[in-house]
Amino acid sequence: MVENDVSADLLFSELIDMGFDFDKVIEAIEAVGPCRDDALEFILNGSCDSNKDQNWQVSDQFTCSTSQAYPLGKSLTSTQPHQRLKQSSIKEHLPKYSGTRRNISYGDSGNSLSQTKRLRSANLCGQKVIDIDPGLESGTSQLCSFESREAEMDWDKEVGSVLQNHFGFSSLKGFQKEALDAWFAHKDCLVLAATGSGKSLCFQIPALLTQKLVVVISPLISLMHDQCLKLAKHGISACFLGSGQPDSGVERKAMNGKYKIVYACPETILRLMDPLKRLAENPGIALFAIDEVHCVSKWGHDFRPDYRHLFVLRENFNTSNLKFLKFDVPLMALTATATIPVQEDVIKSLHMSKETNIVSTSLLRPNLRFTVTHSRTTSISSYEKDFRELIETYTAGRVPCQRGLNNNNHGENFDYSFESTDDCLSNDEESCESDDEESCESSDEEPESSDEESKLCDSKLFDVSDIDENSDNTYSVNGGSAVFPEDYLEDVLDFQHAIDDLDVLCGEFVELPPAESSRLCGESKPSGLPYSLEQGPTIIYVPTRRETLAVAEYLCRSGVRAAAYHAKLPKAQLRRVHHDFHHNALEVVVATIAFGMGIDKSNVRRIIHYGWPQSLEAYYQEAGRAGRDGILSDCTLYANLLRVPTLLPSQRSEEQTKQAYKMLSDCFRYAMNTATCRAKILVEYFGEEFGPDCCDLCDICVNGPPKMQNLKEVADIFMRVLKAECGNTVSEAISYDGTIFHGSNSRRHRDQPNIRMVISRIREKFPKFAANDQLWWRGLARKLEDLGYIKEGDKFPYVSIRYPKLTITGSKFLASKLEDLYVYPGADMLLSAKTPKPYSSFSEWGRGWADPEIRRQRLESRRGETKKRRLESRRGETKKRKMPARKQRQDVSTVRGRLAAKLSKCRK
Ligand SMILES: Nc1ncnc2c1ncn2[C@@H]1O[C@H](COP(=O)(O)OP(=O)(O)OP(=O)(O)O)[C@@H](O)[C@H]1O
Ligand SMILES: [Mg+2]
């Protein structure tokens, strides 16, 4: 593009900003085309028929030179500092625009959040596509006057050409249009739209419609980096500021208005308040966009305290505080994962205006196929079972020499390090909640072979004795090339997305020539790459850092091009993983949450969660990385459905801990569900009404629900026993089926009996139901809780009910003469029913001996086991086969090896 030839819309806004009359500008552009020099000459030389004097007046005032050329995307005012003396309104660019054209503020005061739901459900009933409800648009446009419709057409034209010229899109999506409308009317706006729906465009376009700049607040350097790179490709200058910005000159240039879009993390924004105020005066700030705004809320899944301080934007950049402003600088807050309480909290915390527009569109991702699969997820045997298909997908048809971990597409060494990790030094990665109470017996899982377990541990175990401490405080591992900083040996988990999760060489992104930019953005497939784009890459999310390494290593060994990603890996390595992933050189990235928000790669075909996510918000956010090109993609959650998930340790206040448990509980229920469409559960979780009954894609919709079971009898027993236990006096007795039993005084601390006591009591008193294990009874308790018959009796919200308490509804149910209680059994109930194991819990072992039937069963099963063992030892197979493997592991250079050697000596 010749520097002086710009798009008509850009030229239009430039000339308007110079102060020329609207009609003159239109006339000039129509006459000479979108060439700045020619258009200026046309106006200044008086070629326009009318208002000649006025034009010259303008030229006198601003001393515009026809020889002056402004490079595309650069701020005009930065080259002519006195050109704009006061902030101009976008409305001034389009005089016919009435400003009251479309009232999309749902309510006249407050946040009007109740309307969000209505709006969303309206959208969804009509269509599955992610778009604002057309009915609503036509309804509101009826309010428009004739003039405003005319202005709308002008506006549409302008936006349309910016969209086409810079981004290559033919039209705006409905919600994008609504968000721009709000900005156009100088209103604050909260944009709630699905992951991958194109929220970024809502704040990028305003930068192109005016000569002012847009400031974007974003939580992650990697996110800012990716967006800046894309903008450069689209011919838009941008930069990011903050801890990850190595060039201090970039900040200075940004504060001089050199870039159209400036990205910064909240910390930086707070530091730069004064320069930002100067920018607001000249050249002007068109918009403050707060991306991933759920980070503001303590009730969200990724709370960042600094986001909460962003209310200073609304407090400072308003007309009463900055006298030169003609209107408050609008705030645009955007997210895909905010529940109704989070939305309310966001608006309140950011002090967003009372007239904030809420632009919400369906959060449904219609091309995502959600599935939940039971898996222990902790061992090689699980990996073998769960990743078999994935491995086949990537390695099928690959010649053997292409398999393995040593080559990538560039023929370089594939040196992502797996051999060592800090995490293995720690064995406390899980429970915050007492295991005793929460864990469930595992009923159908064959015990893992100790061989497998230790094989896995060996590959993951990091031996301190293997580290050579160097003077520069880094470590080389096993004589290899992996070098880790000291802090790499500390934590286990990525609690939240780290801000500077990527090191970058430069944070300045000027407009790039097309060829260069598309190479950098990784949109083209590298030539000669033996990689099928149709397959698309996979992201596997695991809870701990250790697991990223273990799973990535396993996949690499199986011939998949995989890499681990977590916050404590060396920055250069993270950058490389990002790069290779975006360039399709990696098939699988195994990551913690650090590789979540903002990953915008169109062809990610699978998102696998391997282990419990901590919330549905996090789950949906991460699942949203899949299928951003609209093509069918899989989101599979592998979780151990036999155990209640535990909260990963993190620093939380009591209030936050409660909220964290609540979110984890919702996640648990999502996985235990066997009857409701998963997409429906997810969107309803965010306050959206789901119109259709099902998505026709998820495992529930495809496989159908299980057979309903009549649980009337067991429900009665459970609640009666509970009632008796709650009686809290030994004398209280309840008769059921001719059985008399008593409440006990043995409960600790609380008024409510815990669920284990209730289950034990049932088993003691009702041998008929002894075959139902703890897992099954817990499943039943959840069902009763869902029905409102029981509730958590403790003040603390547990993931799974722990101190059940009978409700009034429950008491009514007990008193009623209802004969049936048909419900869909939960996933845990089904799993438990597969292989019932009545006495697998050690703690209950003693209690059952009193019952002759239980005793008989136990003795029988014991006899069977002894027989089996004798047979095996006669054959002498199993143990002998395992012995050599154990010996081999006695490598005295490792702690584990030395321990094993000591043990075996003791045994001898
Ligand atoms: N009007 C449009 N027409 C076609 N494609 C679009 C349009 N707007 C945006 N896109 C594309 O949608 C993709 C996703 O955009 P973007 O990253 O802004 O999504 P997002 O809503 O911010 O998602 P997330 O919540 O995951 O951050 C981009 O690759 C972008 O090119
Ligand atoms: Mg985004």
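**Note on the ligand shell and helix packing**

1. By class, the shell around ligand 1 comprises five nonpolar, eight polar and four charged residues. The model is a predicted one. In total, 17 residues surround ligand 1, and the closest are Thr 195, Gly 198, Lys 199, Ser 200 and Ala 336.

2. Helix α11, spanning residues 199-209, supplies the largest share of the shell around ligand 1, namely three residues.

3. Helix α19 (residues 380-395) packs against helix α23 (residues 545-557) at an angle of about 55°, and their axes are 11 Å apart. The two helices are therefore oblique to each other, and their crossing is right-handed. On the α19 side the contact involves Ile 380, Tyr 383, Phe 387 and Ile 391; α23 contributes Val 551, Tyr 554 and Leu 555. This contact of α19 with α23 consists of seven nonpolar residues, with no polar and no charged ones.

4. A further pairing joins helix α25 (residues 616-623) and helix α26 (residues 654-672), which pack at an angle of about 65° with their axes 8 Å apart. Leu 616, Glu 617 and Tyr 619 of α25 meet Met 663, Asp 666, Cys 667 and Tyr 670 of α26. By class, the contact of α25 with α26 has five nonpolar, no polar and two charged residues.

Definitions and conventions: Residues numbered from 1 in each chain as written. Chains lettered and ligands numbered in written order. Predicted model: local features only at pLDDT ≥ 70, side-chain atom pairs only at ≥ 80, totals over all residues. Near = placed C-beta within 6 Å. Helix = DSSP H or I, 4+ residues; strand = E, 2+ residues; numbered from the N terminus. Nonpolar A, V, L, I, M, F, W, Y, C, P; charged D, E, K, R; others polar. Axes fitted to C-alpha atoms, helices over the stretch in contact; angles between N-to-C directions. Parallel < 35°, antiparallel > 145°, perpendicular 65-115°, else oblique. Left-handed = near helix turned anticlockwise from the far one by under 90°. Contact = placed C-beta atoms within 7 Å.
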